Amino acid sequence: MKLEISKKLANWIAQSESYQTYIDFNIEESSIARYTIIGKYQDFFISLYSLSIDFIKGKFELDEAKKSIALSRGLELFTSKTKDIFSGINKDEIFLLTSSLRLLSGFSSTSLLIVKNIELDHFKDKDTYEFILSILKRNTIARNPFSKRISEFLYNGDFSIIKELLDAIEEKISEGLNNDIDAYAANTIAKAVLEYFEKNCLWSTLIRIDADINFWERYVSKNIENNIWYFFPSQVEAIGKGIVNSEKSFSMQMPTSAGKTSLCELIIYYHNKKKQSSKIILLAPFRALASELKNSLAKRLIPYGITVKTLYGGSVPTSSEKVSIDESNLLIITPEKMMAIEDVFPDILNDVDLVICDEGHLLDDANRGFDYELFLTRLKIIKGDAIRFIYLSAIVPNIKDVNIWLGGENDSIAYSDFRPTILEYAVVEAYGEKNAAFSLNVNPKSPQPKNYVLYSFLRKEDFQYINPETGRKNTYNFWSSKKSLSAACALKSLSSGAVALFAPTKRDSGVSGLCDELISQIDLKNNYSLNLPDPRDYSDQEYLSLLIEYFSQLFSEEYLLVQCLERGFVFHHGSLPQYAREIVESCVRDEKIKLVVCTTTLAEGVNLPLKTLVVHTTKRQTNQRWHNLTNREIKNLIGRVGRAGKEKSGFIIVPHQEDLQLIHEASENIGIHPVKGYLYRIIEAITEAIRTRGIDLSNQILENQNESFLKLIDSIDSAILDLIGRDVNLSTLDEIASVLVESTFSYTQSSEEQKKLFKELIRLRSDKIKNNISEESLIKVRTSGSNLRFYLNVMENVDLSNEIWLSKVQPLDLTWIDFLFNQLEHFEFINFEVQEEGQYNYIGSIATLKDFVISWIQGMSYGKLSEIYEISIDNCLDVVNDHISYQLANLFSNLIRIREQELAFGESLDESIIYWPLLLQHGFEKTLMLTLHSLGFTDRIGIIALANYIENNYILTSISESSIAELISENLSSILENLAPEIPRLSSLEIEKAANNI
């Protein structure tokens, strides 16, 4: 039997949901005066209660979850603390009913959230309700005999206990039907909740993987300690199809926030228990994601005895990294770091037999797809059937193609559209006389009750103030520009929970411009006491002061980020240093700050407790033209809202009508672009260039194109070099390379025309390789991690015989730095990337850039660099991120690795030369600082101060990781005490946190 909701009841539910949103957004209730539900509350409640009990009794089909959620949300009106609608109902019991409906619909995290604040003592005289609450709240009660038995079951997995309890409840239902209707209702709910628990608890799922109770005891006990009693439906589906215990490669498409990390924890636990000598790789394409997994998943695995190493950033593999990898069971790593390590230490893959591919849709990402696709291809070739892949993504419509490519089969794939929280979106619409107010049209493309309108979201009267100079009433025209309307929406949303205001770009048309507008509106609110939320009222004031002190020293007191923090909000984008971004992410994650302005960098796999996302625009400017964000980018962005266990729902606000269609399509999975692979993008671009320019395919013509085109050819060369392995006969290179390239995912997705071009390009570039280097040099190129053009350029133009290569250098040795900078003239790609009309962007001459590098290595702050070199802090950040830490560090690293390949027998490069690019990347002048960074210290201010203090106060016989870790552990209190006057308080906290995590 289907659950039918009448049109009138649907309308009332829509109005009740609107009412709840009025409460969330702190809007005057006068706006609901016209609702037909007013005066009909008793009829509304009886209708909801009757249908809810029938649903709980099992009268309706199990696939009616969406309608049962509608009933639950309607009942929430009667749990409101702001208004007693009518007497005669027990709010706590309605909380239980509402929570039970959510649980039975599969929304266990929302169910818990609903009853989180109900005290167990509220039902101490009502055993059945107390028992229900103990299950919903996941908190067993010793005084309740039924709850006590559940506690026993949780730790021993004995299902006979559940059967006994169900039999006892069934008797109570029969008794209640004859004598006590309240007892009947309570026990009916108890039975449904317990049956759901029996079917969906951890034990129920785990014993279907492995029936040995002892195998799972540690896993279950740790999860129970963390208040995790259930798997989500999306996880159960994947587990049932074999994602944990199958020998086949497996792919899973599941929405963001649907339990991917917990699923990975289970997979890793099972694999490690079964194959303790093997090694697992978890590929995390974003540094931010790798960092988050280090602080979440890695810590959760420690109680199981699983050792984890997390690596990201930097292209220079170190011997200490090799040792820590050898000693770990799980390696969390970015694909580019993995490629760099495998080039230098090829045996690193010997024990690897499981690779988990997170954020799999990035297989064709413009920035990360190349290393991702080539590393997976290389593994397929090297390991064959001896390796298993698990591919995870929320947004790959052709995931079946990827699964087959990775060695999976049609039955080793799972799809789920389950989200543990509800996601809604609303468009802002003006209404009333002279557009005096703005409403939110929620789910505008859906019927009631999903669609409803929230009136008076923004009102012009709330932005009115008396001008002290004229004595006249003025109105701040928040609707006059897109930027001001978006900012007003973000501020208004603060009362409902944490808010992210999104823009695709960093500067005036994006994050910076929105921050300036927010500052204007907040200052206006404070100067004239406007009826607007103040972000400081929603922030941790003490922590704000720590952030302000810290970022004032890192940047300057005048920097925009500090100005934002002084008003209670923060921004986040890719130009901030990695450790600064992690501090921002942490304060948002810990709900120290409730408003963040951000680009897509905050959506790069990072889980934050966001209630509302305000989308300023779905367009970004590239090459002076505006382009829509891809639907995959939008889908990934909006999926970050409404985190399980933190919010019952997520809310997307679209301030501008022009963006509505793209948001709707992404939310409904309409037209999501398939993944094709990075090399597919390259072939597509080369095909287009050949067509438009009329280019004939020959190496001479290919190499006579502009730098943009040459970079595409470099990618083809690198693909060949990365895939061919070490033992290759040059005479058969083109045949081998052609076969290997056919192993890429891109090739499987190409048209016949593209495959033909693909193979011809491989043949041409293989000829180029054969005709220009020997078999011995081929290994050297590959090991160096360079592309062919770079290698040939170095061999032709760089003085590799200079005696400085075999010397020991100091980080600030001017002879060494001069030598390196003199080589820049030989590399056109550097000039192409960072120069404009012969001058380095923001800096000017190469001499100035060199001086800037020296100041950076000396440990100078961004604020000081900005002052000395007379550029803005934002431009200073770009110089460090783009020019120094990326372009120059990679160039010099590859140069040094090529020189290392040319060493004569008995020669070696000193570590001071090998590690110099890492000092350049991080802005360090001491190797000890690199050791601290490798140990997990991330804050540059803290690292520099800590290294200087250690060198000045202790006699160091070794700066190995183990020695320094032991020294810090034994002396942490005195170190922190002595550093306190010299560094920001936040830096001290970061040092303490890192030291405790070693």
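## Basis

The model is predicted, and residues are numbered from 1 along each chain as its sequence is written. Local features need pLDDT of at least 70, side-chain atom pairs count only at pLDDT 80 or more, totals for chains, interfaces and linings use all residues, and side-chain values use heavy atoms, with hydrogens and water left out.

Helices (H or I, at least four residues) and strands (E, at least two) are DSSP runs, numbered from the N terminus. Two strands pair if DSSP finds at least two bridges between them.

## The seven-strand sheet

An open sheet of 7 strands runs in the order β3-β4-β2-β5-β6-β1-β7, with parallel pairing. The edges are β3 (308-311) and β7. Each has a single partner strand, so one side of each lacks a neighbour in the sheet. Neighbouring strands are turned by 15° against each other on average, direction ignored. Angles here run from 0 to 180 degrees between N-to-C directions, with axes fitted as lines to C-alpha atoms, for helices over the stretch in contact.

Strand β1 (residues 250-253) pairs with β6 (residues 388-393) over 4 bridges, in the parallel sense. There, Phe-250 has Ile-390 as its bridge partner. β1 also pairs with β7 (residues 413-415), again parallel, over 3 bridges. Gln-253 stands opposite Tyr-415 in β7. Phe-250 and Met-252 point one way from β1, Ser-251 and Gln-253 the other way, and all are buried. Buried means under 20% relative accessible area, exposed over 50%, and partly exposed in between (1.4 Å probe, protein chains only). In a regular strand the side chains alternate between the two faces of the sheet.

Strand β5 (residues 352-357) runs parallel to β6, joined by 4 bridges. Val-355 stands opposite Phe-389 in β6. Helix α13 (residues 260-274) lies across β2, β4, β5 and β6, at about 175° to β5.

## The eight-strand sheet

A second open sheet has 8 strands in the order β10-β9-β8-β19-β16-β13-β15-β14, and its pairing is mixed. The twist averages 25° from one strand to the next.

Within this sheet, β13 (residues 499-502) and β16 (residues 612-615) pair in the parallel sense over 4 bridges. Val-499 stands opposite Thr-612. Helix α1 (residues 7-24) packs on the sheet, touching β8 (422-431) and β10 (contact: heavy atoms within 4.5 Å). Its direction makes about 25° with that of β10.

## A buried helix

In helix α20 (residues 482-492), 9 of the 11 residues are buried, so the helix is largely enclosed by the rest of the structure. Among them are Leu-485, Cys-489, Leu-491 and Lys-492.

## Salt bridges

The structure holds 53 salt bridges (a side-chain nitrogen of Lys or Arg within 4 Å of a carboxyl oxygen of Asp or Glu). Lys-275 pairs with Glu-247, with the closest N and O atoms 3.9 Å apart. Lys-275 lies in the loop between α13 and β2, and Glu-247 in the loop between α12 (233-241) and β1, so the pair ties together parts 28 residues apart in sequence. Lys-275 is partly exposed at 34%; Glu-247 is exposed at 63%.

Arg-589 forms a salt bridge with Glu-292, at 3.2 Å between the closest N and O atoms. Arg-589 lies in α24 (residues 578-589) and Glu-292 in α14 (residues 287-295), so this link spans parts 297 residues apart in sequence. Glu-292 is buried at 9%, while Arg-589 is partly exposed at 27%.
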